[in-house]
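Visitor: Can you walk me through this structure? Keep it short, please.

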Amino acid sequence: MPELNLPFFGHGGDYNPDQWRDRPDILKEDIRLMKLAGCNLMSVGIFAWSALEPEEGRFDFDWLEDVLDRFAENGIYAFLATPSGARPAWMSEKYPEVLRVREDGGRNLHGYRHNHCFTSPVYRKFVRRINTALAERFGHHPAVVGWHVSNEYGGACHCELCQEAFREFLKREYGTLDALNHAWWTGFWSKTYTDWSQLHSPSPVGERYVHGLTLSWKRFVTHQTVDFMRAEVEPLHRIAPHLPVTTNLMTLYEGLDPFRFAEVLDFASFDNYPNWGSADDEAEAAYAALNFDIVRNVLKRPFALMESTPSQVNWQEVCKLKKPGMHLLSSLHAVAHGADTVQYFQWRQSRGGWEKFHGAVVSHAGHEHTRTFRDVAEVGRVLPRLTGVLGASTPARAALIFDWDNRWALGDSQGPRRETHYEDTAFEHYRALKRCGVDIDVIDEGADLSSYALVAAPMLYMVKPGVAEKLESFVQKGGTLVATCRTGCVDRDDLCFLGGFPGPLRRLLGVWIEETDALYDGETNEIRMADGRACACSTLCDLIHAETARVLGEYGRDFYAGMPAVTVNDFGAGHAYYIATRPGVEFLADFYRSRLAEAGVAPLIRDLPAGVQAASRAGADGRYLFVMNFSGKPVQVQLPEGVNLLTGAAAGGTAELEVNGAAVVQIKEA
């Protein structure tokens with residue numbers, strides 16, 4: 001398959017010339033402004049179906065060809081979009097079966113986006129036809145360097161076509177109704193199915209309390225979305241096999257498992273919208289980095305930052321402007337974690353519609369004399385200095401498991417708390433590792449662990465077949481595993497393990513979990529470590545018995561005071577740690593510093609100041625160290641010897657980073 005292999009950093013954003021076809025002066029001015037801002041890569045044609053096919057069977061591609069020709073004449077390139085994210089009104093009116101059916105069985109009216117059935121053969125026919133026509137017309141256009149397939153896939157349809165596709169999916173998964181009934185434990189509440197036709201998607205007017213059903217439906221929605229994208233991509237690859245395809249993934253979107261898109265992506269891409277200027281920019285940066293490290297690991301290679309805002313969004317509760325320096329810093333932050341493009345939503349603000357006040361490179365004022373435009377132009381000047389970073393890998397020796405099947409099952413577990421805070425707990429462990437100044441891969445349960453020295457697996461509630469054996473092998477060979485409360489409870493079908501938790505991980509972790517206490521919001525217990533340190537803990541407290549594990553810390557309060565809270569089990573050449581509760585980030589950061597040192601994983605820079613993040617990429621010309629100040633105040637950092645690519649000056653020793661400042665040090669390998 002083709003890969004994204006640009007000889008330059010892509011810089012640009014979503015461009016919607018279809019909204020300005022009556023203003024040729026604006027379209028001409030856009031080219032001048034793009035060159036002035038150092039923008040060289042635009043995503044074109046997203047949601048443009050009504051302009052591309054104004055009535056059934058009549059295509060109007062001339063306006064798009066004019067834009068692409070103008071790009072080619074001016075050294076600007078395009079990700080050409082397929083328009084399937086929103087169908088035109090004529091289609092909804094004439095073919096209402098393309099519209100989605102809700103959980104309650106009612107069919108939607110025309111409107112919004114992704115309001116279409118991924119299973120519908122009618123919709124697939126129309127998508128295939130227009131994608132084929134686009135590929136035939138533009139698949140070899142000199143300005144086109146890749147395909148932007150649809151936009152932010154999401155949602156589900158519950159029509160009868162999807163119900164039948166779901167049944168076929170279940171037949172492939174389970175083979176027989178007896179196997180399905182056993183896996184779903186349908187004897188509970190007399191749910192046993194006796195015919196495949198009795199199976200329906202979860203619904204408020206039907207069944208939604210069988211965990212195997214709800215989990216299987218979520219898996220099916222990802223499967224069907226991937227299958228729809230595969231159908232979208234087929235004519236693109238067939239007609240223009242040299243052009244890579246992507247679709248833009250969203251921030252920790254719960255509805256689709258991003259790792260399953262590895263089957264259909266040539267390169268991954270991502271839309272990033274932190275709430276910069278909130279109370280804690282370091283936390284916002286860590287959350288963004290978590291997402292970057294997921295997207296990078298979908299295909300294990302660099303990705304495209306497809307969307308970000310150059311100023312502010314319009315859909316957060318409070319839409320803050322980026323403060324001075326933040327736009328360059330946040331752009332470098334994406335590059336540090338694997339982005340080979342920096343792109344925005346959008347190039348020019350729309351005059352009307354839902355996002356007319358969403359930030360853009362060119363505001364409603366229509367000229368370059370704005371702070372936002374100057375910020376974007378600064379990124380346009382900086383990115384060419386980082387050309388050596390293009391295609392560079394991330395040499396992470398630490399990994400964190402964040403698995404969507406596990407997330408779905410834990411979110412529907414119905415106890416011991418309604419909200420178990422899986423996402424929050426995973427983020428706390430990730431944020432603690434970031435404070436230790438190391439590169440991190442965020443992976444799912446199926447990933448290969450052989451390149452890591454330390455693996456964190458917070459709340460590994462679901463342990464799928466082969467995972468326990470893989471973790472045992474990892475630790476046996478010298479790896480360090482960190483597990484937490486709510487681990488080893490259910491199998492792939494969400495059936496509880498018999499014989500005691502943590503199920504198949506009991507031998508590796510060396511503990512038996514007898515009970516789990518749920519704490520109210522605001523309620524805490526205490527961990528008292530053997531070395532005298534103490535910290536508060538919250539949410540869940542496993543009451544564990546150390547079998548072969550050694551006790552490192554105990555609970556300080558309640559009827560289980562004195563019971564183990566933190567343990568380690570020596571297993572082969574490695575160590576398996578168990579944190580039986582949810583401590584804070586400060587405790588976890590200290591804990592991981594010690595574990596990383598034991599595992600031989602050195603920080604990227606020593607004595608990383610609070611609020612400063614570090615990340616690295618390794619390329620043919622050496623290693624590139626990114627040091628980024630999200631603390632909100634000037635800080636001093638110790639930089640290794642090399643060249644600061646942002647200034648061209650030699651680096652090494654103590655350096656001061658201003659507020660929202662950064663350094664990118666190229667380190668020549670010996």
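This is a predicted model: local features need pLDDT of at least 70, side-chain atom pairs count only at pLDDT 80 or more; totals for chains, interfaces and linings use all residues.

Visitor: At what angle do helix 10 and helix 11 pack?

Guide: About 40 degrees, with the axes 9 Å apart. Helix 10 covers residues 326–336, and helix 11 covers residues 371–382. Helices here are DSSP runs (H or I, at least four residues), strands are too (E, at least two), and both are numbered from the N terminus. Axes are lines fitted to C-alpha atoms, for helices over the stretch in contact, and angles run from 0 to 180 degrees between N-to-C directions.

Visitor: What do you call that arrangement of helix 10 and helix 11?

Guide: The two helices are oblique to each other. Angles under 35 degrees count as roughly parallel, over 145 as roughly antiparallel, 65 to 115 as roughly perpendicular, and the rest as oblique.

Visitor: Which residues meet there, between helix 10 and helix 11?

Guide: From helix 10, His 327, Leu 328, Ser 331 and Leu 332. They meet Asp 375, Val 376, Glu 378, Val 379 and Val 382 of helix 11. Contact means heavy atoms within 4.5 Å.

Visitor: Is Ser 331 buried or exposed?

Guide: Ser 331 is buried, at a relative accessible area of 4%. Buried means under 20% relative accessible area, exposed over 50%, and partly exposed in between (1.4 Å probe, protein chains only).

Visitor: What does the side chain of Ser 331 reach?

Guide: The backbone oxygen of His 327, at 2.8 Å. Leaving aside neighbours within four places in sequence, Ser 331 also contacts Val 342 and Val 379.

Visitor: Back to helices. How do helix 9 and helix 10 cross?

Guide: At roughly 30 degrees, and their axes come within 10 Å. Helix 9 spans residues 281–299. Asp 281, Ala 285, Ala 288, Ala 289 and Phe 292 of helix 9 meet Met 326, His 333 and Ala 334 of helix 10.

Visitor: New topic. Where does Thr 341 lie?

Guide: In strand 9, residues 339–344. Thr 341 is buried, with 0% relative accessibility.

Visitor: Which side chain does Thr 341 join in a polar contact?

Guide: That of Gln 343, at 2.8 Å. A polar contact is a pair of N or O atoms within 3.5 Å; within protein, one must be able to donate a hydrogen and the other to accept it, and residues adjacent in sequence count only if both atoms are side-chain atoms. The Thr 341 side chain also reaches the backbone nitrogen of Leu 305 at 3.1 Å.

Visitor: And Tyr 153, where does that lie?

Guide: In the loop between strand 4 (144–148) and helix 6. Tyr 153 is buried, with a relative accessible area of 4%. A polar contact of 2.8 Å links its side chain to that of Glu 232. Leaving aside neighbours within four places in sequence, Tyr 153 has contacts including His 114, Phe 118 and Phe 261.

Visitor: What about Leu 161? Which helix holds Leu 161?

Guide: Helix 6, residues 160–174. Leu 161 is partly exposed, at 39% relative accessible area. Leaving aside neighbours within four places in sequence, Leu 161 touches Thr 119, Ser 120 and Pro 121.

Note on methods:
Residues are numbered from 1 along each chain as its sequence is written. Side-chain values use heavy atoms; hydrogens and water are left out.
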